[in-house]
Amino acid sequence: MAINMARPKGSNENHTFCYSWLTFTSFLPLIFFLMEPNVNNPKMLEQKWLSTALNARSQGLGTETIVFAHGFGTDQSIWDKITPSFAENYRVVLFDWPFSGAVKDPSLYDPLKYSSLEAFADELVTLMDQMDLKAVTFVGHSMSGMIGCLASIKRPDLFKRLILLGASPRYINTDDYEGGFTSSDIEKLLQDIESDYENWVSAFSLLAVDPNDEPSVNKFRECLKRMRAEVSASLAKTVFYSDYRDILEKVETPCTIIQTSSDIVVPYNAAVYMENKIKGKVTLEIVDTKGHFPQLTAYLQLVDVLKGVLG
């Protein structure tokens, strides 16, 4: 419908002003509606409120930034023994992945969207852009190691160095590659998650963490319990069936691989494979502890290794 904005014949300036003002105010609801953020729009949520949704926070006042990313089954609290040693001299950034039990909105985890690690890498890039992070040291534990590699290929400007803690490009053995598991191992793992999640959590906690370190076992167990069983099953398929060996030759960001002396999840040979295949400068460091979580069981050793890498 056309709106006649012409001044009525014979009207004075005051009438013109009143008419124009009334016309303008009639459109104010539409203007405010267009200006209002659409919180129901997932794309808008991802772009504007991702850092809040993922509980992202920073501490410390240093000029150099370290981003710590947790792995499968845990949340940012897995770094609680590590971050105090760096907050004095660095800006430390922590967050929770959407699958984490610490994330308040369970709808953030979409099993279709996160059926590959590329979706996590895209989310990491978005989060770092939103927080205005560049040239960071990225410490990625377990699955987050490969996520960091993927993100560094997409946006190398965001990363100064990658620290890959207990990371693996593939978890299933082949004829010429040791990933640590057979296909039947993974099938059994998934069946156990789906059939009796609570028992699987208790059993897997004792395998993944040094069983002699009861507080660390309990920490991992409690994190796993906070994950919903269906999320755990879906994510386990994404992680344990993944194969990112072919991307290693595209990783040009300097890398440090940190491996424990005995890890049932990631064997030593998988770490050596990454060391040989990554294109950029790479070093391999060993932390003398048992299990997949040196940030829990050998945190003082890990802090020393990290400080050595950071210089």
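Q: In this predicted model, is Asp132 buried or exposed?
A: Residues are numbered from 1 along each chain as its sequence is written, and side-chain values use heavy atoms, without hydrogens and water. In this predicted model, local features need pLDDT of at least 70 and side-chain atom pairs pLDDT 80 or more, while totals for chains, interfaces and linings use all residues. Buried means under 20% relative accessible area, exposed over 50%, and partly exposed in between (1.4 Å probe, protein chains only). Asp132 has 59% relative accessibility, so this residue counts as exposed.

Q: Which loop holds Asp132?
A: Asp132 has a positive phi, near 60°, although this residue is not glycine. Helices (H or I, at least four residues) and strands (E, at least two) are DSSP runs numbered from the N terminus. On that numbering, Asp132 sits in the loop between α5 and β4 (136-141).

Q: What is the phi of Asn55?
A: Let's turn to another loop. Asn55 lies between α4 (50-53) and β1 (57-59), and it counts as partly exposed because its relative accessibility is 22%. Asn55 is not a glycine, yet its phi is positive, at about 55°.

Q: At what angle do α8 and α9 pack?
A: Helix α8 covers residues 197-208 and helix α9 covers residues 214-226. Their axes are 9 Å apart; axes are lines fitted to C-alpha atoms, for helices over the stretch in contact, with angles from 0 to 180 degrees between N-to-C directions. The packing angle of α8 and α9 is about 145°.

Q: Which residues of α9 does α8 meet?
A: Contact means heavy atoms within 4.5 Å. From α8, the residues involved are Tyr197, Trp200, Val201, Ser202, Phe204, Ser205, Leu206 and Ala208. In α9 they meet Val217, Phe220, Arg221, Leu224 and Lys225.

Q: Which helices are included in what covers the buried residues of α8?
A: Tyr197, Trp200, Val201, Phe204, Ser205 and Ala208 are the buried residues of α8. Among the elements covering them are α7, α9 and α10.

Q: How many of the twelve residues of α10 are buried?
A: Helix α10 runs over residues 229-240 and reaches 16 Å from its first C-alpha to its last, close to the 16 Å expected (1.5 Å times one less than its number of residues). Its buried residues are Val231, Ser232, Ala233, Ser234, Leu235, Ala236, Thr238, Val239 and Phe240, and their cover includes α5 (117-130), α6 (143-154), α7 (183-195) and α8. Helix α10 is therefore largely enclosed by the rest of the structure, and its number of buried residues is nine.
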